[in-house]
Amino acid sequence: MIALKDILYKVTINAVIGSTGVQLNAIHFDSRNIKNGCVFVAIKGTLSDGHQFIDRAVEQGAVAVVCESMPEKLKEGVTYVEVDNSSRALAFMASNFYDNPSENLKLVGVTGTNGKTTVASLLYQLFKKAGYKVGLLSTVKIMVDTVEHKATHTTPDSLTINKYLDEMNVAGVEFCFMEVSSHGIHQHRTEGLRFEGGIFTNLTHDHLDYHSTFAEYRDVKKSFFDALPEKAFALVNVDDKNGLVMLQNTKARKYTYALKGYADYKSQILENQFGGLLLKINDSEVWTRLIGNFNAYNILAIYGAAELLGLEKVEVLRLISELESVSGRFQYIISNSKITAIVDYAHTPDALKNVLETINSIRTKNEELITVVGCGGDRDKTKRPKMGHIATVLSTKVIFTSDNPRSEDPETILKEIEKGVEPQNFKKTLTISDRAQAIKTACQMAQPNDIILIAGKGHETYQEIKGIRSDFDDFKIVQEFLNQLNK
Ligand SMILES: CC(=O)N[C@H]1[C@@H](OP(=O)(O)OP(=O)(O)OC[C@H]2O[C@@H](n3ccc(=O)[nH]c3=O)[C@H](O)[C@@H]2O)O[C@H](CO)[C@@H](O)[C@@H]1O[C@H](C)C(=O)N[C@@H](C)C(=O)N[C@H](CCC(=O)O)C(=O)O
Ligand SMILES: Nc1ncnc2c1ncn2[C@@H]1O[C@H](COP(=O)(O)OP(=O)(O)OP(=O)(O)O)[C@@H](O)[C@H]1O
Ligand SMILES: N[C@H](CCC[C@H](N)C(=O)O)C(=O)O
Ligand SMILES: [Mg+2]
């Protein structure tokens with residue numbers, strides 16, 4: 001048990017009704033989870049307003065309520081705290097509740113449109129190989145050193161983040177790498193955490209359904225760097241035109257990385273093949289099993305971060321050469337008849353373009369490149385025609401299919417993707433909304449030495465159609481069809 005007043009440190013309070021000495025056993029922001037003795041934090045969400053559920057939370061046993069406006073009906077014996085912003089309050093309360101666990105380890109946040117999972121996961125791998133106890137909060141999974149937990153978000157809510165950081169403290173974790181999504185920053189999920197460093201990968205088109213303009217999306221990312229403390233490092237990709245924008249108002253120590261321009265950490269691609277990349281980083285050569293130009297940026301980011309966190313340069317280079325690719329990121333198999341099937345999480349126009357350009361730079365021109373791709377429902381619709389255009393321009397054949405349509409009509413999404421296809425490219429395309437059928441058709445069409453790219457879902461092991469999630473794994477499915485078809 002802990003007193004309410006002990007977890008309100010740093011929370012901006014407007015008014016209090018009742019005693020802040022009340023004892024609590026848990027914090028909840030969803031009335032459906034409330035049990036006796038907890039505090040309910042009412043948050044204005046995107047679908048509903050948590051303030052509507054205050055009465056229900058109190059009926060279910062909440063002894064305290066944190067809200068942005070006092071409810072009309074107050075219950076005797078319950079404490080009500082009015083704050084400026086409930087999401088921020090929740091983040092500080094969560095951190096206080098778990099005794100500020102981010103202060104007991106070195107926490108590094110990775111933000112940007114693409115590459116967050118890759119950079120965070122590779123840093124986790126690298127620091128594990130260097131012999132440390134390490135934590136990871138990522139889209140793919142959460143790791144408390146060697147113990148794996150399921151991830152539901154890229155950046156979980158502040159209560160979940162602090163709960164896992166606390167577990168990491170107990171396990172003796174020294175470094176934790178976490179993805180910081182724009183939704184996460186905007187919803188104050190990372191507020192109140194003490195970061196040792198921040199990494200910016202890039203900024204391209206995504207989430208313009210949630211952030212109304214690109215400038216707003218950029219400024220949300222920037223606010224993460226604005227909030228870094230003086231002791232922290234801010235490491236940004238300056239080949240991206242928004243890299244320096246991220247550094248404009250930060251108090252943190254500023255570092256840059258680049259393949260093209262001038263930077264503190266520089267790299268050059270010496271070789272780029274299916275076997276991996278040969279890079280020159282500052283003045284040393286290093287081989288990595290990761291593939292594609294964009295991974296040269298990811299490798300450079302982890303090299304810089306590892307050095308800034310105190311690892312020895314030569315050791316970092318040696319460990320980079322041992323790193324394995326991240327699940328669902330350019331994950332590939334070569335079948336018996338030499339068909340290459342690649343599964344990649346490219347779900348933004350820029351990621352799709354990068355992956356296709358990488359494949360085109362490696363393949364010899366007489367093979368086909370068959371791309372199977374779709375776009376998620378209940379997400380930024382303006383990505384759809386752009387991805388349709390990119391897929392058809394950069395592939396020899398394209399099968400449009402469903403990604404996670406969620407609550408939307410799959411056929412409507414497919415029509416919006418097709419709008420981006422130029423007339424001369426239509427003959428390259430097929431539309432098969434059933435994703436398994438689309439993958440099967442690609443396998444049937446493929447001849448020896450051809451390449452199949454299955455984009456958009458990467459590591460995901462489900463598909464969500466009309467709100468129902470069923471098991472679905474691109475990598476397993478393509479393997480099965482290639483086997484079945486004796487290819
Ligand atoms: C759009 C969005 O970001 N939504 C997130 C948000 O929910 P919301 O604002 O919609 O919540 P709401 O349903 O309106 O409810 C408002 C409040 O009332 C409460 N409530 C609601 C119903 C009830 O009966 N009782 C009750 O108390 C809710 O718990 C909530 O506190 O806050 C929730 C709690 O933190 C999140 O789980 C939820 O993520 C949803 C599931 C989601 O899909 N989010 C995606 C878009 C997301 O966050 N993605 C990013 C990665 C994006 C990327 O970079 O690619 C991520 O970091 O994962
Ligand atoms: N540095 C990069 N620059 C551009 N594209 C990249 C980069 N790294 C990876 N990609 C592409 O973007 C896809 C997603 O990569 P990754 O999962 O690392 O990004 P993310 O930022 O974590 O995405 P999410 O926002 O969904 O969490 C990869 O499958 C690859 O196609
Ligand atoms: N974090 C991203 C992942 C998108 C992955 C794609 N497969 C989809 O479902 O749209 C999002 O929630 O927008
Ligand atoms: Mg991610």
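Which residues are closest to ligand 1, and how many surround it? Hi everyone, let's start there. In this predicted model, ligand 1 is surrounded by 19 residues, and the closest are D30, G45, G50, H153 and S181. A residue is near a molecule if its C-beta atom, placed from the backbone, lies within 6 Å of it.

Before going on, some housekeeping. Because the model is predicted, local features need pLDDT of at least 70 and side-chain atom pairs count only at pLDDT 80 or more, while totals for chains, interfaces and linings use all residues. Residues are numbered from 1 along each chain as its sequence is written, and chains are lettered from A and ligands numbered from 1 in the order in which they are written.

Now the overall picture. The protein has 15 helices and 26 strands; these are DSSP runs, numbered from the N terminus, with helices being H or I of at least four residues and strands being E of at least two. Its radius of gyration is 24 Å, close to the 23 Å that the globule rule gives for 487 residues, so the protein is as compact as a globular protein of that length. That radius is taken over C-alpha atoms, and the rule is 2.2 Å times the number of residues to the power 0.38. Along the principal axes, the C-alpha atoms fill a box of roughly 75 × 50 × 40 Å.

The protein is divided into domain 1 (2-89), domain 2 (101-320) and domain 3 (331-486), with bounds from an automatic or database domain assignment. Domains 2 and 3 have C-alpha centres 28 Å apart. Their contact takes 16 residues from domain 2 and 16 residues from domain 3, where contact means C-beta atoms, placed from the backbone, within 7 Å. On the domain 2 side, β16 (265-273) and α9 each supply at least two residues.

Back to the ligands. Where does ligand 1 lie? Domain 1 and domain 2 both give residues to its shell, so ligand 1 lies between them. That shell has four nonpolar, twelve polar and three charged residues. In this scheme Ala, Val, Leu, Ile, Met, Phe, Trp, Tyr, Cys and Pro are nonpolar, Asp, Glu, Lys and Arg are charged, and the others, Gly among them, are polar.

Ligand 2 has 23 residues around it, and G115, K116, T117, T118 and A351 come nearest. Domain 2 and domain 3 each give at least three residues to this shell. Helices α4 (116-129), α9 (293-308) and α11 (349-362) each supply at least two, and α11 has the largest share, with four. By class, the shell holds six nonpolar, twelve polar and five charged residues.

Around ligand 3 we find T154, H347, G376, R379, D403, N404, G456, K457 and E460. No nonpolar residues here: five are polar and four charged.

In its contact with α10 (residues 313-320), I299, Y303, A306 and E307 of α9 meet K313, V316 and I320 of α10. Five of these contact residues are nonpolar, none polar and two charged.

Notes
Contact = placed C-beta atoms within 7 Å.
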